[in-house]
Amino acid sequence: MLLKIRGWMVALKGIYVLAISISKSRAIRIGALGNVSFSKGFYAYVGSAQNSLEKRLERHLRRGAKRCFWHIDYLLADECVAIVKAFVKEADKLEECITAQVLGEYGFPIDGFGCSDCGCRSHLSMFSDYNALEKACLKLGFRPFRLSC
């Protein structure tokens, strides 16, 4: 997301939630976590970008060969996994973990996913359906982000 201030385009910082669909149940190798079993359904992944939120989202949306650095990179590389929507919120990195915890209360956390650098249980939670995921994001003050891919 870019904001125009005094003629300059400024990249915004914030946190995001990726609404992810997994089209069939499967085990996926997630870096150092090893093989993780995922059920068919909808998942919410919470991340942050404190330099350029739009560029981080574009990276996640990019298909094809890219270096797998974060747990989410391994998940998104699978052929049965797709981002269906992104939600964004201008916030400090601290709110990333708070959001992950709250979404885990609405959904079902996938232990150890996306939280190697913090003390959270998980930054990925499964939801009963897409509507429950979207409702939780909107209730937390996120707004939909227009996906360009």
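1. Asp129 caps helix H4 at its N-terminal end, with a side-chain oxygen 3.0 Å from the backbone nitrogen of Asn131. Helices here are DSSP runs of H or I with at least four residues, strands are runs of E with at least two, and both are numbered from the N terminus. After H4 comes Gly141, which has a positive phi near 90°.

2. This is a predicted model, in which local features need pLDDT of at least 70 and side-chain atom pairs count only at pLDDT 80 or more, while totals for chains, interfaces and linings use all residues. Residues are numbered from 1 along each chain as its sequence is written, and side-chain values use heavy atoms, with hydrogens and water left out.

3. H4 spans residues 130-139, and its buried residues are Tyr130, Leu133, Ala136 and Cys137 (buried: under 20% relative accessible area; exposed: over 50%; 1.4 Å probe, protein chains only). They lie on the same side of H4 because they cover an arc of only 130° around the axis, taken from the directions from the helix axis to the C-beta atoms. Asn131, Lys135 and Lys139 are exposed on the other side. The cover over the buried residues includes S3, S6, S7, helix H3 (94-106) and S9.

4. The largest nonpolar core has 26 residues, of which Leu18, Ile20, Phe38, Leu75 and Phe113 touch the most other members (core: buried Ala, Val, Leu, Ile, Met, Phe, Trp, Tyr and Cys residues joined through side-chain atoms within 4.5 Å). Elements that each supply at least two of its residues include strand S3 (14-22), helix H1 (53-61) and helix H2 (71-76). Another core, of 15 residues, lies apart from it and includes Phe87, Ala100, Phe127 and Phe142.

Conventions
Contact = heavy atoms within 4.5 Å. Polar contact = N/O pair within 3.5 Å; in protein donor to acceptor, adjacent residues only side chain to side chain.
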